[in-house]
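Please look over the sequence and the three-dimensional structure shown here.

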Amino acid sequence: MDNANSLPNDLAQCHQLLFAAHKQSVELEQQAAEATQQATQAKRHATQAERHVAESEQRVAELGRVLDETAASYQELQQEHAATLDELAWYKRWAFGRRRERFTEGEGQGHLFDLDSPANEPEDSATPHQEAEVEVKPHRRRRKKREIDWDKLPQIHHEHDLPEEEKNCSCCGLPMDRIGEDITRELELQPAKLEAHIHVRPKYACRRCKEGVSAAPLPQRPIPGGIAGPGLVSEVIVGKFSDHLPLYRLEDILTRYGVYIRRSTLCDWVKFAAELFKPLYELQRELVLQSSVMWTDDTSVTVLGSPQGSFQGQFWTYITDEQPYSVYDFTTSRSRDGPASFLQGFAGYLHADAFSGYDAIFLDAHSAIQEVACWAHARRKFFDAVSSYPREAHQMLEWIRQLYDLEDRAHEWSVDARRELRAYESNPVLDRIEAYSAELARRVLPKSSLAKAVTYARNQWQALRRYTEDGRLTIDNNVSERTLRHQAIGRKNWLFLGSEAAGPRAAVLSTILAGAKRHRIEPWVYVRDLLLRLNADDQRLEEMLPDRWAAAHPEAILSHRLDESRSKAIRTRARRAHRRARRN
């Protein structure tokens, strides 16, 4: 009512007011439209912002995933780089360095970064068999005087006298008197020679009765119907399986001696000899399986003659001390069937490496075989890790050295005394190795050489500690590796076996020659006697065993090898005793 009264009475003024109101209404509509447009744009910008935020979050997630993958790849590359460096260092040492795993210590410098040693620990008053303190002088190797037993050799005298005209005195011209002589001995060699032994057997018959012809029997020959005598067959066998000469070289050697004999003929002689020695081989195998402690190892050999071409066969050696024999076996592969077949009926401790083929034997619930692992293999892996982890590897090597020093001290002790020493002194060292291995397993790079060494030791730990249970056991399996070294030397010379059937024959003959070498028997004399006796169907196989044959034939013992082994053992123990005394 008040607004109506406020309107002007003039029509023109009313039109102006209406026009102004309309104009204001239009401006408000424009402003509302602009505000709506701005709101739409703001909504669109907000949607775009939300999309950008989502894309950013997705990008951040992708970058995080890429970063994680990069970090994992970098860590893997670090491990591969460390493993490659270890492998390169191993190849360099193999190609250019020393093969012996030994460190040289300086006088007065301590030992290997002041690592833990028995000298730094409190002494245990309960330790049995404690050694008295003795002063060990350093061992100095002296050259042994050459001594030749000239009386054993054929004596051929050569007299070198003066001419008759020089036997007169140059001063007075009278004949000079013989007042003595100078004797000079000289060793000479006559090459071996082949001899044709012609056996003549007169035949006798009665002209009146005509009851038949009588003649002396033909002496036993190692190969019936063959031309080879026992000495010649023995020379071929010893040359091939003891001197490691391939048959083609023996063919050339016999040609130098005056007779050409084809290689195929030599192969036939070897085959016949192996078949002849098979009963003696089987006897040694049965005796070895009766022992309660055994050492074993294997090595590969190339075998020809297969329809598919060449393949890798395996020579296995089985060694015992209770029965002093070293028996070889041959298999066409390195599968577990080889040792499982040979060890049927064996019960006791088996020293072996970590070859997985033995696992089925050790884990069999019905098996009576207990595994004894080799500390030499474990030590070698820590030695290979010295360049990448010197502190940790040296610490482990120091403890392993302590274990070997204890074994060296107890070498001449009785079985019971050795077992007690291991229980009181070796077990604490083994406890420290076990604890430190668990610590290293948590912090070293998984692909590093040290991690491989730790993993090997932890996986074999129970078997590595088993040698402390019995004084007859040894800390390592080196005796079987030394025995297989003869096969490795031979393999470098004759390179391969000609057929699969040659493998078992080589195992038989290698066993015979290994027995001769182990007991220091002159191999040619031993093989020749076996050929004659076995060919004559001599059933006294126990007398042909290498230890019993050596006791019955002391004249055939190679004393120089026995003296050499004894003197070398004395020098080694003296050197180790001096090293222990210097450390303490």
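Which residues does leucine 343 touch, not counting residues up to four places away in sequence? Leucine 343 touches Leu289, Met294, Tyr318, Leu350, Ile361 and Ile369, where contact means heavy atoms within 4.5 Å. This is a predicted model, in which local features need pLDDT of at least 70 and side-chain atom pairs count only at pLDDT 80 or more, while totals for chains, interfaces and linings use all residues. Residues are numbered from 1 along each chain as its sequence is written, and side-chain values use heavy atoms, with hydrogens and water left out.

Leu343 is also one of the residues with the most contacts inside the largest nonpolar core, together with Ile237, Phe277 and Leu497, and this core has 70 residues. A nonpolar core is a set of buried Ala, Val, Leu, Ile, Met, Phe, Trp, Tyr and Cys residues joined through side-chain atoms within 4.5 Å; buried means under 20% relative accessible area, exposed means over 50%, and partly exposed lies in between, with a 1.4 Å probe and protein chains only. Helix α5, residues 263-289, gives the most to this core, with 13 residues; helices (H or I, at least four residues) and strands (E, at least two) are DSSP runs numbered from the N terminus. A second, separate core of 37 residues includes Trp295, Ala373, Phe383 and Leu440.

Phe383 leads on to helix α8, and it is among the buried residues of that helix, which also include Trp375, His377 and Arg379. Helix α8 (residues 375-384) is mostly covered, since 7 of its 10 residues are buried, and these buried residues pack against α2, α9, α10, α11, α12 and α13.

Strand β5 (residues 326-331) is largely enclosed by the rest of the structure, because 6 of its 6 residues are buried. In a regular strand the side chains alternate between the two faces of the sheet. In β5 both faces are covered, with Ser326, Tyr328 and Phe330 on one side and Val327, Asp329 and Thr331 on the other. β4 and β5 pair in the antiparallel sense over 6 bridges, pairing being counted if DSSP finds at least two bridges between two strands, and the two form a hairpin with 6 residues between them.

The aromatic side chains come next. The structure holds 9 aromatic pairs, a pair being rings of Phe, Tyr and Trp (its six-membered ring) whose centres lie within 6.5 Å, with planes under 30 degrees apart counted as stacked, over 60 as edge-to-face and the rest as tilted. Tryptophan 316 and tyrosine 358 form an edge-to-face pair, 6.3 Å centre to centre with 85° between the planes. Tryptophan 316 lies in strand β4 and tyrosine 358 in the loop between β6 and α7, so the pair ties together parts that are 42 residues apart in sequence. Tryptophan 316 is buried at 0% relative accessible area, and tyrosine 358 is buried at 0% as well. Trp316, Phe355, Tyr358 and Phe362 form one aromatic cluster, and the charged end of arginine 334 sits over the ring of phenylalanine 355, 3.9 Å from its centre; a charge sits over a ring if NZ of Lys or CZ of Arg is within 6 Å of the ring centre and within 35 degrees of the ring normal.

Finally, how many disulfides are there? The count comes to 0 disulfides, a disulfide being a pair of cysteine sulfur atoms within 2.5 Å. The sulfur of cysteine 171 is 5.1 Å from the closest cysteine sulfur, in cysteine 169, which is too far for a bond.
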